[in-house]
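Reader: Please show me the model and let me ask about its local geometry, one item at a time.

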Amino acid sequence: MKQFIMLLCSFCSIAAYAQDFEPIALDKTNFDEDALITWLKNNADRNHNEVIDEDEFNDGNEGLSKIDLSWQGISSLKGIGLITPLKELTCMINNLQEVDLSSNVNLENFIITANQLTSLNLSNNTMINRLDCDRNHLTSLDLSNNTMIEILDCSHNHLTSLDLSQHTKLWYLICDNQSVDLGTVSAAGFTIDGLDMSRVSIVSGGTIANGMFIPDNGSTEIKYIYDTKSAVAPSETSPFDVTLTFECDYTSTTPTAVDAINADKSGKTIKTLENGRVVIIRDDKKYDLTGREL
């Protein structure tokens, strides 16, 4: 009798666990965009019943682990949080203004190049090792919870600083061509909102005084280095220095900064040209821009 009770309890536990899964209907109730519904129907719905069943959800279904929605004109990723097995999400060249990936904790690769993002919250996505968020409108990028990142492209945004002090696995970084609105540049100089001036050192084109950039007489360009190393223990963190260049049009009331961040991990990575192609050399091995070994 005791064994029967134990077996019955075990069966009940398994049954209760099985009831936790709710089939995912591939319709406008769960998803806004036809492109995402179509992807799931074509790549994940193996029995073609327009529902993601439990066996389709849990058996390593590649149509759920890797989704590509590039060039689809989409403006919403509603429902993507239901796809918790998702590891790779690519949605280049769309109209996305915001994304909620808080439930996609298994995400490893995220490519959202050329969209309309003004902010990006990846605090729950601690497994990410590649992030391409270039050509958006980001004014800040908090990656403090994403220390597994190895490849990062955040170029062509509006960043003024970037803290990578804890990212010891990061070996490839593109962060150039930032565009920052400086406001009016007066004779007294100018500042940039959110920039920690204690981490700035001038290279050429001006000086720093009273926490402000002071351009040299006639200068239209200021180059400076922004130190991303920890101020507390700089010797124990990644040796990243970020170089920012600002071109100021003094005939305009709102000069615009361009070409703002260029960075390289000193001693670890070399970027060069071979036969007209950009090649990354790291630890005596060669890689292309996607990180593929050559």
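The questions and answers below go through cysteines, rings, a pocket, a hairpin and some loop residues.

Author: This is a predicted model, in which local features need pLDDT of at least 70 and side-chain atom pairs count only at pLDDT 80 or more, while totals for chains, interfaces and linings use all residues. Residues are numbered from 1 along each chain as its sequence is written, and side-chain values use heavy atoms, with hydrogens and water left out.

Reader: How many disulfides does the count come to?
Author: A disulfide is a covalent bond between the sulfur atoms of two cysteines. The rule here asks for a pair of cysteine sulfur atoms within 2.5 Å. For C133 the closest cysteine sulfur is in C154, 5.5 Å away, which is too far for a bond. By this rule the count of disulfides is zero.

Reader: Is C133 buried or exposed?
Author: Buried means under 20% relative accessible area, exposed means over 50%, and partly exposed lies in between (1.4 Å probe, protein chains only). The relative accessibility of C133 is 0%, so C133 counts as buried.

Reader: What is the relative accessible area of C91, and what is that of C175?
Author: Both residues fall in the buried class, C91 and C175. The relative accessible area is 0% for C91, and for C175 it is 1%.

Reader: Where is C175 placed, and what separates its C-alpha atom from that of N157?
Author: Strands are DSSP runs of E with at least two residues, numbered from the N terminus. C175 sits in the loop between strand 8 (172–174) and strand 9 (180–181). N157 is 18 residues apart from C175 along the chain, and the separation of their C-alpha atoms is 8.6 Å.

Reader: Which residues make up the aromatic pair, and is the pair stacked or tilted?
Author: Rings of Phe, Tyr and Trp (its six-membered ring) pair if their centres lie within 6.5 Å; planes under 30 degrees apart count as stacked, over 60 as edge-to-face and the rest as tilted. A search of the whole structure gives one aromatic pair. Its ring centres are 5.9 Å apart and its planes are at 45°, so W171 and Y172 are tilted. Burial applies to both partners, W171 and Y172.

Reader: What volume does the second largest pocket have?
Author: On a 1 Å grid over the protein atoms alone, a pocket is an open set of points where a 1.4 Å probe fits, with protein on both sides within 12 Å along at least five of seven lines; lining residues have an atom within 4 Å of a point. Grid points are joined across faces, edges and corners, and a volume is the space filled by probe spheres set on the points. For the second largest pocket this volume is about 160 Å³.

Reader: Which classes of residue line the second largest pocket?
Author: The lining includes K78, E98 and D100, along with L77, I80 and V99. Ala, Val, Leu, Ile, Met, Phe, Trp, Tyr, Cys and Pro count as nonpolar, Asp, Glu, Lys and Arg as charged, and the others, Gly among them, as polar. By class, the lining has three nonpolar, six polar and three charged residues.

Reader: How many bridges join strand 11 to strand 12, and which residue stands opposite I208?
Author: Two strands pair if DSSP finds at least two bridges between them. Strand 11 (residues 206–209) and strand 12 (residues 212–215) run antiparallel, joined by four bridges. In strand 12, I214 faces T207, and the residue opposite I208 is F213.

Reader: Which residues form the covered face of strand 12?
Author: Strand 12 forms a hairpin with strand 11, with two residues between them, and N210 in the turn has a positive phi of about 55°. On strand 12, M212 and I214 make the uncovered face, and the covered one is F213 and P215.

Reader: What phi does I93 have, and what phi does H156 have?
Author: Most residues other than glycine have a negative phi. I93 lies in the loop between strand 4 (88–90) and strand 5 (109–111), and its relative accessible area of 31% makes it partly exposed. H156 lies in the loop between strand 7 (151–153) and strand 8 and is partly exposed at 26%. Phi is positive at about 55° for I93, and for H156 it is also about 55°.
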